[in-house]
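Have the model open as you read.

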Amino acid sequence: MTTPCFDTVILSDLHLGSEVSRAKAALQMLKRTSFQRLILLGDIFCDLNFRRLKKEHWQFLSHIRKLSNPKRKIEVVWVEGNHDQGLSEVMSHLVGIEVYQEYVWEYRGIRHLAIHGHQFDGFVLGNLPLSKFLTVLYLQFQKLDFGQKRLARCFDRLDTAWLRLSSKVARGALNHAQAKNAQRVFCGHTHEAMRTERNQIEYFNTGSWTQSAATYVTISEEGVKIHEYHERADDRDPCEERGETHSEIAVFAGSTGLPADVEYEGLPV
Ligand SMILES: [Mn+2]
């Protein structure tokens, strides 16, 4: 059985450098999935501090660099997020891919547009350093076990603010798509995967790779799908078990196997 070859795979908000970044799972997903185009839809990094990157974070970047080798005939696109700002030039040299503010492409006569989404988040635009700090705080909260009610309440408020953000970004993205004549628009930023539509324009949010439900989007002849990725129990990296350090072989090890993802059928709007 062969896996389907998607036209495009989109993922966002991996937050490399953060404790909660699921870089290993994201790498597994990329190795198990065939595609012609990969869009990294922003906030792939948490910040500019490269010393925070762990081995699996570098492995993810190394794989991206390999995918972008022209011999593979895969188009790899990096769309800048608010946490990626300032990294564009470094990354285009280090990983060898071009960085865009927004990216437009045609597939089967449909105009697609990918933009991170912070452009539609007034708070981020006005308070960049504070919003970065709050995102880090939010990610840390997700990791904690809430024994204390006070902390849980605080978290709930923050979570509700994030959910409000989902509809705000969707609205802004749909307006933007309409102005740019796109029929489909894709964002990240909110960390909440979702789908909605307005005036025959479809909006998708790719979610994030910082929580237990890691999500990504695929585009094929069958349409657009939001998938949730589940790591498999037998997914140990064979090189890691032998205690090898990061190498060319380690990056490409374990690339066989069927996708273990589950598709969302009806996501709340
Ligand atoms: Mn963002």
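Let's start with strand E7 (residues 184–187) and strand E9 (residues 201–205), which pair in the parallel sense over 4 bridges. Here helices (H or I, at least four residues) and strands (E, at least two) are DSSP runs, numbered from the N terminus, and two strands pair if DSSP finds at least two bridges between them. In this pair, Val185 stands opposite Tyr203 in E9.

Both strands belong to an open sheet of 5 strands with mixed pairing, in the order E5-E6-E7-E9-E8. Its edges are strand E5 (102–107) and strand E8 (194–198), each of which pairs on one side only. From one strand to the next, the twist averages 20 degrees.

## What kind of model this is

This is a predicted model: local features need pLDDT of at least 70, side-chain atom pairs count only at pLDDT 80 or more, and totals for chains, interfaces and linings use all residues. Residues are numbered from 1 along each chain as its sequence is written.

The chain averages a pLDDT of 81, and 76% of the residues score at least 70; pLDDT is the predictor's confidence in each residue, from 0 to 100. Over residues 237–269, pLDDT stays under 50, and the model has 48 contacts beyond four places in sequence for them. Where pLDDT is low, the predicted coordinates should not be read in detail.

## The chain overall

The secondary structure comes to 8 helices and 12 strands. Of the 269 residues in the chain, 35% are buried. A residue is buried if 20 or more other C-beta atoms lie within 10 Å of its own, exposed if 12 or fewer, and partly exposed in between, with C-beta atoms placed from the backbone.

Among contacts between residues at least 6 apart in sequence, 71% join residues at least 24 apart. A contact means that the C-beta atoms of two residues, placed from the backbone, lie within 7 Å.

## Around strand E10

Strand E10 (residues 214–220) is mostly covered, with 6 of its 7 residues buried. It pairs in the antiparallel sense with strand E1 (residues 5–11) over 3 bridges, and Ile10 stands opposite Val217 in E10.

E10 also pairs with strand E11 (residues 223–229), again antiparallel, over 7 bridges. Thr215 stands opposite Glu228 in E11, and a hairpin joins E10 to E11 through 2 residues.

## Two helices side by side

The axes of helix H1 (residues 23–32) and helix H2 (residues 55–67) come within 8 Å and cross at roughly 30 degrees. That makes H1 roughly parallel to H2 (angles under 35 degrees count as roughly parallel, over 145 as roughly antiparallel, 65 to 115 as roughly perpendicular and the rest as oblique). Axes are lines fitted to C-alpha atoms, for helices over the stretch in contact, and angles run from 0 to 180 degrees between N-to-C directions.

The contact is made by Ala23, Lys24, Ala26, Leu27 and Leu30 of H1 and Glu56, His57, Gln59, Phe60 and His63 of H2. In H1, the buried residues are Ala23, Ala26, Leu27, Gln28 and Met29, and their cover includes E1, H2, E10 and E11.

## Two positive phi values

Most residues other than glycine have a negative phi. Asp43 is not a glycine, yet has a positive phi of about 55 degrees. It's in the loop between strand E2 (34–40) and H2, and is buried, with 30 other C-beta atoms within 10 Å.

Asn199 has a positive phi too, near 50 degrees, and is in the loop between E8 and E9. Buried or exposed, then, for Asn199? With 7 C-beta neighbours inside 10 Å, Asn199 counts as exposed.
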